[in-house]
Amino acid sequence: MVEAVRVEPGSFRDRDSRVVVAPDAVYRALSGTGADDWRALANSPLLERLTSDGSLIGTEEVGPAALGDAAAEILPEGTETVLRHERIPFVSYPYEWSFAMLRDAALLTLDLELASLDEGLTLKDATPYNVQFRGSAPVFIDVGSFERLREGEAWAGYRQFCMLFLFPLLLQAYKEIPFQPWLRGAIDGITPTEAARLFSFRDRFRRGVLTHVALHARLERRYEARDTGEVKEEVKKKKIKTELIKTSVRKLVSKLSWKAGDTAWTNYRQDCTYSDADAEQKAAFVREAVATAQPGLTWDMGCNDGAYSRIAAEHSEYVVAFDYDQATVDALYRSLRADDERRILPLVANLADPSPGLGWRGLERRTLEDRGTPDLVLALALIHHVSITANVPIAEFLDWLRELEATLVIEFPTRDDPMVKRLLSGKREGSNADYELETFERLLAERFDVERSESLPSGVRNLYLARPRA
Amino acid sequence: MRVLAYLDPGSGSVMLQALLGGVATILVSIKMFGKRVYRALFFWKRHDDEDSEPAASTTTAAEHETEKEPV
C-alpha cells in the first residue's frame, strides 16, 4: 500500500508544513523552520493541554522513517521531520457549515491564538480550513500553523481572519446574506473592499463594521501601493499590542448571532408534517435497518431535525447529516453541541448541487464523494424534493444512489402526500410524469435488491430497505 | 531581519492594526487611570483586585508603554 502515500494536493500553501496522506494515517512533513516551530510547541505545556481538551488534533513526532523507504521519495525536499496526526472521520469545509459552526470555528481559532501568545507562540494564519469537526466539536488540525512569536509584529492572520471568518459572519448576522455560496465561490473569502460595498452607511453603527470593514477597506486602498514588508517593519517599531486586538475581535465574534438560526432552534421539531403513528413506524424501520447493517459511515440526506441521524448513530460509527436548509442545520448543530454529540456531523448541502472540487487544479478542496463514501444511506422524505423541486429524473437519482455502493433506506411519498401535492401545485399539469409509485418501484428494483418494504399508516408514504444489485 | 511569512498580511491590514493597537492601549490606560482615581476617592472601600499587587505594576507598565508610543 506504500504507493498510495501521497502529498495531499490541497496542502501546498505553507512550504514549511505539508500534509502527506497514507492509507493508515495522516502525516505532516516539516521543513527545518517548521520543525523548530513544532518543537517550540511540543516543549510548551500548550500541546498537552490543547490535545487533551480536544481543541487540537492528536499529534506525535514519528520522523521520516515512519513513511517507509518508497515514501521518502515523495517527501518534499528539505523535510526535517514528520508528524503523525489522528484522523478526522469526515472532512468538511466552511461552505458546508452553518452560521454557528463557522462562529465556533472562529472562536476556537482565536482561543488558540490567545493561548499561544502566553507561551511565546502565535498562529501564522487564520483560516477556517484549519478547523474540522468531530461531530459537533470543532478541532484545530493545522499543527504547522503554530510558530514562534516575533515580538512587536502585527497579527499576520488578521486579514485572512476577516476575509474567511469575520466578514462572512457579519454578512449573515447583519444582512441575512448566506455566506456559504460566497465561500464556495471564493476560496480566499471576501476582501475588505467587497465587504465594505455590501454594508450601508447605517450598518457602520453596528458592532465591528466601522473598524473591521469600512476602515479596513479604506486603509487597504490607501496603502495598496506600499510594500507590505516595509509597512510591517515600520509598524513593528511601534510594538503594537496584538493581544488587545485579538481579545476585542473575540468579543465581537462571540456576540454575533443569526436570527433565523435562533428561531429554528426554538421552533425545533414543530415543522413536522407526520402523524405520530407514521413517525413511530418509520423510526422502528430505520432502527432495524441500521442495527442489521452496522455501518461505518452513514449519510442521512435531508436530515431535517436529525431525529433519524440520532437513531442511525446508535449503530453507526459516524453519521454525516446533510440538509439544504441552513437554519435547520444550525438548529441541529446547536442541539448536538448541547449534547456534546461527537458522532453526528451536520452539514449544509444541496444534493442537486453538491460541493465540487475547488482551488488549484480543482484539488485543494475535494468533492463530497471524494471525502469518503457511505456504507448506509438514509434518503427519508427526500426524493420528492430532488425529483419535483430540482427536476432530477427519478432514474438519474437512483443511478447516483446506486453508484455509492451503499445499503439504502429510501422513503417514497406518493402523489397524495400533502407535501408532494404542495410541490406539484406550482407545476404544469403532467410535469414530473416519472414521479409515480409504480415507476419508482420498477426503477429501484432494476438497480437494487429490495429486501423489505412497508407502507406507513397514513397510506401515502412507503419505506424500502435495498441493497445494490451485483 | 525581515521575516516573511507565506501569507501576505496586507499593508492596509497591518496599518489598521497599528491604529487599533494604539487606540486599544489608550483605552486600557484610561481604564486603569479611572480605576486609580476611583480607588483614591473611595480609599476606605475594599476593591476586588486589591490584594493582587502585580495588578498595580501592570498599570504602571501599561502607562509607561503609552507614553513612549506616538499614536
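How far apart are the end C-alpha atoms of H5(A), and what would a straight helix reach? The points below take up that helix and its surroundings.

1. Basis. This is a predicted model, in which local features need pLDDT of at least 70 and side-chain atom pairs count only at pLDDT 80 or more, while totals for chains, interfaces and linings use all residues. Residues are numbered from 1 along each chain as its sequence is written, with chains lettered from A and ligands numbered from 1 in the order in which they are written.

2. Span of H5(A). The end C-alpha atoms of this 18-residue helix are only 22 Å apart, whereas a straight helix would reach 26 Å at 1.5 Å a residue (expected span: 1.5 Å times one less than the number of residues). Helices here are DSSP runs of H or I with at least four residues, strands are runs of E with at least two, and both are numbered from the N terminus.

3. Burial of H5(A). Because 15 of its 18 residues are buried, H5(A) is largely enclosed by the rest of the structure. A residue is buried if 20 or more other C-beta atoms lie within 10 Å of its own, exposed if 12 or fewer, and partly exposed in between, with C-beta atoms placed from the backbone.

4. Core. The largest nonpolar core has 133 residues, and Leu378(A) and Ala379(A) have the most contacts inside it. H5(A) provides the largest share of this core, 11 residues. Such a core is a set of buried Ala, Val, Leu, Ile, Met, Phe, Trp, Tyr and Cys residues joined through C-beta atoms within 7 Å.

5. Interface. Contacts (C-beta atoms, placed from the backbone, within 7 Å) involve 34 residues of chain A and 23 residues of chain B. On the chain A side, H5 (158-175), H8 (209-222), H9 (228-236) and H10 (242-255) each supply at least two residues. Chain B has 2 helices and 0 strands.

6. Strand S3(A). With 4 of its 5 residues (26-30) buried, S3(A) is largely enclosed by the rest of the structure. S3(A) pairs antiparallel with S2(A) (residues 17-21) over 5 bridges, pairing being at least two DSSP bridges. Another 5 bridges join S3(A) to S5(A) (residues 81-85), also antiparallel.

Definitions and conventions:
Two residues are in contact if their C-beta atoms, placed from the backbone, lie within 7 Å.
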